[in-house]
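Welcome! Here is a short tour for anyone meeting this structure for the first time. Please have the sequence and the 3D view open as you read.

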Amino acid sequence: MTKIAAHDLALLDPVQMAEADRLTIAGGMAGIALMERAATAVAGTIRRSFPKARRIAVLAGPGNNGGDAWAAARLLSEAGCEPTVYSFVAPDMLRGDAALAAAGYGGPWQALEAFVPEAGFDLVVDGLFGAGLARPVEGEAARAIAAVKGAKTPVVAIDLPSGISGASGEPLGTVLRADLTVTFFRRKPGHLLEPGRSACGRVIVADIGISDSVLEAISPQVFANAPGLFRNPATSPRDAGHKYDRGHAVVFSGGMARTGAARLAAMAALRGGAGLVTVYAPGSALMAHAAHLTAIMLERCNDAADFDALLCDARTNAFVLGPGFGIGEDARRYASAVLAAGRRLVLDADGITSFQDEPETLFAAAKAATSDDGAPLVLTPHAGEFKRLFPDLAGDATLSKLERTRSAARRAGAVVVLKGRDTVIAAPDGRAAINSNGTPWLATAGSGDVLSGIVAAQLAQGAPSFEAACAGVWMHGRAAEHFGSGLIAEDLAPMLPQVHTELAALPSS
Ligand SMILES: NC(=O)C1=CN([C@@H]2O[C@H](COP(=O)(O)OP(=O)(O)OC[C@H]3O[C@@H](n4cnc5c(N)ncnc54)[C@H](O)[C@@H]3O)[C@@H](O)[C@H]2O)[C@@H](O)CC1
Ligand SMILES: [K+]
C-alpha cells in the first residue's frame with residue numbers, strides 16, 4: 001500500500017488521537033484553537049444538513065467533548081439559531097479548554113436534569129462523551145439519552161455517539177443513536193465497528209488543522225478498507241499479457257452431493273481475475289462438475305497420490321479449500337501439503353473446522369511456509385468458525401472484534417478475515433483493515449464461497465496476502481452493491497466486471 005493512501009484511510013484509536021492532538025499543540029497550535037475549529041465544523045455541518053433547525057438542545061459533558069458543544073452552541077447562536085446548553089456538570093467544574101469554551105458562551109443553559117426533549121426542539125447535539133468515555137453511561141446522562149431516543153428528534157453527535165467506544169465500537173452503558181456524527185482529522189475504529197457504526201448515522205470527517213505529518217510519528221496500523229489499501233487497479237491485465245501472468249487458482253471440491261460451493265468459488269476466482277481456474281474433484285463428483293463447467297477446468301483428485309501428482313504443476317499458485325469440502329483428515333492433509341509446497345491457500349468453512357482439534361498444526365504449517373512475501377495462508381472464518389480455531393479469543397469479552405482478529409492473525413501466522421457486516425482483516429504483522437461496504441443481502445447461502453474465490457484470484461495474481469484479502473472483501477461488498485436487492489450468491493461473480501472497471505478507473509497509486 002502507498003503511504004499517502006494508507007494515511008488517508010488510517011483509523012486512530014483515542015490514544016493515538018490524543019497523541020495527534022498533543023503533537024499539534026506542541027507544534028504551536030493552542031488547544032482552544034483546535035476546539036474552536038472542531039466546533040466550527042460541527043456548527044457548519046448542522047447549518048448545512050439541518051438548515052431549518054432553530055431550537056437546538058446542546059447536551060454538554062464534563063470533558064472536551066462538552067467543550068466542543070459549548071463552543072458550537074456559541075457559533076449556532078451567532079448564526080441565528082436558538083441553542084440551549086444542558087450541562088452534565090456545573091460550568092465552574094469544567095477545566096482547561098472546555099472551561100474557556102463555556103465561558104465564551106453567553107446564551108441560555110441549564111443543568112442536564114432539566115432537559116426534556118419533548119419541549120419542541122428541532123435538533124439535539126450530543127456533546128456528552130467522545131474519546132474520553134471511560135465507563136458505562138448511567139444515571140442522569142443515561143436518562144437524557146433515553147429521553148432523546150423517545151422524542152425522535154434528529155441527533156448530531158460530536159466525535160462519537162455518547163456511549164460508543166471509539167476504540168472498539170462497543171457500547172458502554174446506554175448508547176445514543178445519531179443521524180449524523182462529525183469527527184475530527186481521521187475516523188476511529190468505533191465509527192466502522194458495529195454497533196458503533198449503526199449508532200453513528202452518516203459520518204463526516206472534519207479537517208481541524210491537524211497536519212497529516214503527525215501520522216509519521218503515530219504510525220497507524222489500522223485502516224478503513226478501500227482501494228487505496230490494495231494494488232490499484234488490482235486486477236487489470238497487461239495489454240500483452242498471457243493468462244499465466246494472472247495466475248492459476250485451484251478450488252478443491254467436495255463429493256458428489258456437495259459440488260455447488262466449489263463451483264461458486266471457482267467462478268468467483270475466474271471473474272475475480274485469475275488467469276486460469278481448475279476444480280480438483282473426487283471421482284464421484286466429476287460428472288456433476290463436467291455438466292456445469294466450461295471455462296473452468298476439472299481434474300480428478302481422489303487421494304494424496306493424485307494430489308501429489310497435480311502439485312507437480314508449479315503454475316498452480318493459489319488454492320481454495322473448504323467450501324463444501326467436508327470435515328476431516330483429507331482437508332488437513334491437503335491444506336498442509338499446499339502450504340509445504342510453497343503455494344498460497346485460502347482456508348474457509350469445512351477447511352477451518354477440520355483443524356478445530358489441532359489448530360497448532362495449521363499455524364505451524366503457515367509459519368513454516370512464511371517467506372519474505374508474507375503469510376501464505378488466508379483464513380476466512382465467520383464468527384462460529386473463528387470460535388473453533390480461537391476459542392479463548394472468541395470467548396474473551398474484554399477484546400473487541402478488531403483486537404480478536406489481530407491476535408488471531410499473530411497467533412496463526414496467517415491473514416485472518418473475520419466476516420460480518422463489519423468484516424475485519426488482520427495480518428500477522430499487526431496491520432488491520434475494517435470493511436464497511438456491501439449490503440445486508442450478502443448474508444445469503446454461498447456468499448462466503450464466493451469471497452474465498454475472489455481472494456484466491458488476487459493471490460493468484462501475485463497480490464500479497466493482506467492486500468489480496470482486503471481487495472477480495474472490498475470487491476465482494478461492491479459486487480453486492482452493484483446488484484442491489486434480491487441478491488443470491490450466484491449473482492455476485494457476474495457483477496465483478498463492473499467492479500474491475502471501477503477499480504481500473506481509479507488513479508493508480
Ligand atoms: N483530541 C483532539 O485532537 C481533539 C479533541 N476534541 C474533543 O475532545 C474530546 C475528548 O475529550 P476528553 O478527553 O476530555 O474526553 P470526553 O469529553 O469524551 O470525556 C471525558 C470526561 O468524561 C468523564 N466520563 C467518561 N466516561 C463517563 C461516564 N460514563 N459517565 C460520566 N462521566 C464520564 C471523564 O471523567 C472526563 O471528565 C473528543 O471526543 C473531541 O470531541 C476536540 O476539541 C478537538 C481536538
Ligand atoms: K458525543
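The largest nonpolar core holds 165 residues, and Ala-269, Val-415 and Ala-456 touch the most other members. A nonpolar core here is a set of buried Ala, Val, Leu, Ile, Met, Phe, Trp, Tyr and Cys residues joined through C-beta atoms within 7 Å. A residue is buried if 20 or more other C-beta atoms lie within 10 Å of its own, exposed if 12 or fewer, and partly exposed in between, with C-beta atoms placed from the backbone. Helix H20 (residues 465-483) gives the most to this core, ten residues. Because domain 1 (3-219) and domain 2 (227-505) both give residues to the core, it lies between them. Ala-269 touches Ala-249, Val-251, Ala-274, Val-277, Val-320, Gly-453, Ala-456 and Ala-457, leaving out residues up to four places away in sequence. Two residues are in contact if their C-beta atoms, placed from the backbone, lie within 7 Å.

A few words on conventions. This is a predicted model, in which local features need pLDDT of at least 70 and side-chain atom pairs count only at pLDDT 80 or more, while totals for chains, interfaces and linings use all residues. Residues are numbered from 1 along each chain as its sequence is written, and chains are lettered from A and ligands numbered from 1 in the order in which they are written. Helices (H or I, at least four residues) and strands (E, at least two) are DSSP runs, numbered from the N terminus.

**The two domains**

The chain is assigned domain 1 (3-219) and domain 2 (227-505), with bounds that come from an automatic or database domain assignment. Their C-alpha centres lie 40 Å apart. Domain 1 brings 14 residues to the contact and domain 2 brings nine residues. On the side of domain 1 that touches domain 2, helix H1 (3-9) and helix H7 (189-192) are the elements that give two or more residues.

**Around the ligand**

What surrounds ligand 1? There are 29 residues, and the closest are Asp-21, Gly-63, Asn-64, Gly-130 and Gly-132; a residue is near if its C-beta atom, placed from the backbone, lies within 6 Å of the molecule. Helix H2 (14-26), helix H3 (31-49) and helix H4 (64-78) each supply at least two residues of this shell. The largest share, five residues, comes from H4. By type, the shell divides into 17 nonpolar, eight polar and four charged residues.

In helix H5 (residues 96-103), the buried residues are Asp-97, Ala-98, Ala-101 and Ala-102. These cover an arc of only 140 degrees around the axis, which puts them on the same side of H5. The arc is that of the directions from the helix axis to the C-beta atoms.

**Some loop residues**

Now for a look at several loop positions.

| Residue | C-beta atoms within 10 Å | Class |
|---|---|---|
| Arg-315 | 11 other C-beta atoms | exposed |
| Met-256 | 15 other C-beta atoms | partly exposed |
| Lys-188 | 30 C-beta neighbours | buried |
| Phe-185 | 23 C-beta neighbours | buried |
| Ser-219 | 8 C-beta neighbours | exposed |

Lys-188 sits in the loop between strand E6 (180-184) and H7. Setting aside neighbours within four places in sequence, Lys-188 is in contact with Leu-11, Leu-12, Asp-13, Met-17, Leu-160, Gly-166 and Thr-183. Phe-185 is also found in the loop between E6 and H7.

Met-256 belongs to the loop between strand E9 (248-252) and helix H10 (260-271). Beyond four places in sequence, Met-256 is in contact with Ser-284, Ala-285 and Ala-288.

**Backbone details**

Most residues other than glycine have a negative phi, and most peptide bonds are trans. Phe-185 has a positive phi of about 70 degrees although it is not a glycine. Ser-219, also not a glycine, has a positive phi of about 50 degrees. The peptide bond from Glu-194 to Pro-195 is cis, with omega near 0 degrees.

Key
Nonpolar A, V, L, I, M, F, W, Y, C, P; charged D, E, K, R; others polar.
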